[in-house]
Amino acid sequence: MKNLTLEHIAEACKGIYVGPEEKKQLEVKSIFTDGRKAEEGGLFVPIKGARVDAHNFIEDVMEKGVFATLSEKDLG
C-alpha cells in the first residue's frame, strides 16, 4: 500500500497518532476489521456493532503482530 503510513492515515482521519515516533513513517501492509484475520504488519480498524464492540479485541490482535490500530477510544 504505497505511502500508507501511520502518519498519513492519522492525518486523513483527522486523528492523533499515539506511539513511537520512529513508527510514524512505516507503511501499513494491510487493513482489516475482523480480528480473526489479523496479519503481521496490518492495521486493525475495530468497529462497534450491535452485538460486539471490536475494540474489546485490540489487545488480542496486537499480540498477533498487528502493526497498529485505528480507534475512536482512548487506549491509554
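The second largest pocket is lined by Thr-33, Asp-34, Gly-35, Arg-36, Phe-44, Ile-47, Val-52, Ala-54, Phe-57, Asp-60, Val-61 and Lys-64, and it has a volume of about 230 Å³. A pocket here is an open set of points on a 1 Å grid over the protein atoms alone, where a 1.4 Å probe fits and where protein lies on both sides within 12 Å along at least five of seven lines, and a lining residue has an atom within 4 Å of a point; the volume is the space filled by probe spheres set on the points, which are joined across faces, edges and corners. By class the lining has six nonpolar, two polar and four charged residues, where Ala, Val, Leu, Ile, Met, Phe, Trp, Tyr, Cys and Pro count as nonpolar, Asp, Glu, Lys and Arg as charged, and the others, Gly among them, as polar.

The model is a predicted one, in which local features need pLDDT of at least 70 and side-chain atom pairs count only at pLDDT 80 or more, whereas totals for chains, interfaces and linings use all residues. Residues are numbered from 1 along each chain as its sequence is written, and side-chain values use heavy atoms, with hydrogens and water left out.

The largest nonpolar core consists of seven residues, Leu-6, Ile-9, Val-28, Leu-43, Val-45, Phe-67 and Ala-68; such a core is a set of buried Ala, Val, Leu, Ile, Met, Phe, Trp, Tyr and Cys residues joined through side-chain atoms within 4.5 Å, and buried means under 20% relative accessible area, exposed over 50%, and partly exposed in between (1.4 Å probe, protein chains only). Apart from this core lies another, of six residues, including Phe-32, Phe-44, Ala-54 and Val-61. Val-45, leaving aside its neighbours within four places in sequence, is in contact (heavy atoms within 4.5 Å) with Ile-31, Phe-32, Thr-33 and Leu-70.

Gly-42 is found in strand 2, strands being DSSP runs of E of at least two residues and helices runs of H or I of at least four, both numbered from the N terminus. Gly-42 counts as buried because its relative accessible area is 0%, and, not counting residues up to four places away in sequence, it touches Val-28, Ser-30, Phe-32, Val-66, Phe-67 and Ala-68. Between Gly-42 and Phe-67 there are 5.1 Å in space, C-alpha to C-alpha, although they stand 25 residues apart in sequence.

In the loop between strand 1 and strand 2 is Glu-40, which is exposed because its relative accessibility is 65%. Glu-40 contacts Lys-29, Lys-64 and Gly-65, its neighbours within four places in sequence being left aside.

The loop between strand 2 (42-44) and helix 2 (58-63) holds Ala-50, and Lys-48 is found in the loop between these elements too. Lys-48, exposed because its relative accessibility is 57%, is in contact with Asp-53 and Glu-72 once neighbours within four places in sequence are left aside.

Lys-14, in the loop between helix 1 (6-12) and strand 1 (30-32), has a positive phi of about 55° although it is not a glycine.
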